[in-house]
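Here are a few friendly notes to read alongside the model. Please keep the sequence and the 3D view open as you go through the points.

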Amino acid sequence: MLIIKQIEQLGSVQACPVLLDETLAAQEHWQSNEQGVVILDSGILLASPAAWAQQLQSICNLHVLVAERYPSVEWGSAEIAIVRKFLADADAVRRDRIAQAQSTGDTQTMARQALLDIVVDAHRMRATDIHLRMTGSEARISYRIDGLLYHQASRSRTSVTEAVAAALNTQSDDFREVFDERHMSGASISLTLPDSGENIRIRTQKSPCRDGFSVTMRLQASEQQRVPDLYSLGFAPSRVLQLRHVMSQATGLLLISGPTGHGKTTTLAALNRLVPKSRKIISLEDPIEIIQPNIEQKFVPTDQDPYAFAHMIRSVLREDPDLVEVSEIRDMHTANAGISAALTGHLVVSTIHANDAIGIISRLLDLGLTATQLSQPGLFAGLLAQRLLPKLCVNCSKPVNHPQWGAVKEQSSSGCATCQLTGLQGRVAISELIVPNSHASKWIQDLNIVHWQESLRRNGWDSMAFNASELICQGVVDPRHAEELVPGMNELGLQQRQQKKVNYAAQLESV
Ligand SMILES: [Zn+2]
């Protein structure tokens, strides 16, 4: 156990604001004023000696909450004065914030403040999404950080629902109904962070589940709204070169696949930076996620008209674009409209749900397109698949000798101050790209995907698994994360891993 003699020993740590209510409730009825406990935001459960002696059960109950939130929990003992100081500071910060909101004449209610507190906390922990899972009378709050879900706290369902309702009713730019948790659909909320003044846009989406429903809130800080470039997303220089070539094509369809939350939309925006200013880009989106000042972005309301995308594609072709972007191909009509645009002198770029690059063809067939349609020569400018893999914290990742990968690095289970105890720091993109040629058209026509895949492998194709294996060997990603997230990791033979990467020109020829 940590013995804290002086408050300076703990550095600049504070009481965890999210668990403050639970901490105060736990000690509400303690008899002696020598007893006190506080949870610090580094995962330390700090209690006075009297509390450790007489309230061990309550402290153990709190331990469960801390363990759900932090990867490791440390027990500490400090004089009651130190414990009380942390509690008083945290309480004062909270009161200040509420008082400030009221004194400025702001109509900020407690409910909205509650949502803001959650968002501030999630943003501080670098979360990209907040997941609220409503079951019974409880709301379980989790954050997605570096692609992984961490449980944070449980609150009362009523208070969380009120918080979401208040925000939607007063701070949403596209929510136009009376809030009803059973019928809530997608909407956006804009919030300003009190400390930094930073603007955060939150996209909410509700979905039902077995014993209730969940609300996913995707956070977009203003810094993320700046259009990124492919290098900073982690794309290898050779891949950027290939994509530059694809984006310079005058016609054809480039499709980007990957699971939700793996950066497809961001890549789509980053690809626009490869397009010369002399070409006109029209982007059709639902919703508009990243503001791109240099291109024409049009919002397509699909909730009113299921064929909205297909109609819009046909209609914007009359506005003489060189490049048409569609945020996602979800149905046959959109796919058909995209294909006709691609075959009539336009480059069309879109995203689609598929497991890997070759899977895009199967997905299009599933949507109802025919092999004859898909095998038209020159239809596909490229088939891209991507994943975002959590990057190991450079400060605390541990060297291991892995049976398959040799000397590589692994995520530290306790983390460090640099990575906020997660052991991870951001994510890196891995990708695979197929530029189909005339052989590919034949294989699609004959529905001979297996043969196609074999041919790619024989030619030393730079697949997502291959990309991931390089990052594992460089100690950038944990092999366990790659095995979990990247298709084909297990089939990737040793021989192929050792094979030298084929150069760019050879790759374009060999597909
Ligand atoms: Zn670390």
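This is a predicted model: local features need pLDDT of at least 70, side-chain atom pairs count only at pLDDT 80 or more; totals for chains, interfaces and linings use all residues.

1. How many bridges join strand β11 to β15, and do they run parallel or antiparallel? Six bridges join β11 (residues 252-257) to β15, and the two strands run parallel.

2. Between β14 and β15 the chain passes through helix α12 (residues 332-343), giving a right-handed β-α-β crossover.

3. Now look at how β15 (residues 347-352) is covered: six of its six residues are buried. Leu347, Val349 and Thr351 point one way, while Val348, Ser350 and Ile352 point the other way.

4. Cys393, Cys396, Cys416 and Cys419 coordinate the zinc ion through their SG atoms at 2.3 Å. The angles between the four donor atoms are 105 to 113°, so the arrangement is tetrahedral. For comparison, the ideal angle for four tetrahedral donors is 109.5 degrees.

5. Along the chain, the donors follow the spacing C-x2-C-x19-C-x2-C. Cys396 sits in the loop between β16 (380-392) and β17 (398-402), and Cys416 in the loop between β18 (406-410) and β19 (424-434), so this pair ties together parts that are 20 residues apart in sequence.

6. Cys393 is buried at 0% relative accessible area, and Cys416 counts as buried at 14%. Cys396 is buried as well. The structure holds zero disulfides.

Notes:
Residues are numbered from 1 along each chain as its sequence is written. Side-chain values use heavy atoms; hydrogens and water are left out. Donors are N, O and S atoms within 2.8 Å of the metal (3.2 Å for Na, K and Ca); water is not among the atoms, so sites may look incomplete. Four donors count as tetrahedral if all angles lie between 85 and 135 degrees; four count as square planar and six as octahedral if opposite donors are over 155 degrees apart and all others between 65 and 115; anything else is irregular. Helices (H or I, at least four residues) and strands (E, at least two) are DSSP runs, numbered from the N terminus. Buried means under 20% relative accessible area, exposed over 50%, partly exposed in between (1.4 Å probe, protein chains only). A disulfide is a pair of cysteine sulfur atoms within 2.5 Å. Two strands pair if DSSP finds at least two bridges between them. A crossover is right-handed if, with the strands pointing away from the viewer, the path from the first strand over the helix to the second runs clockwise.
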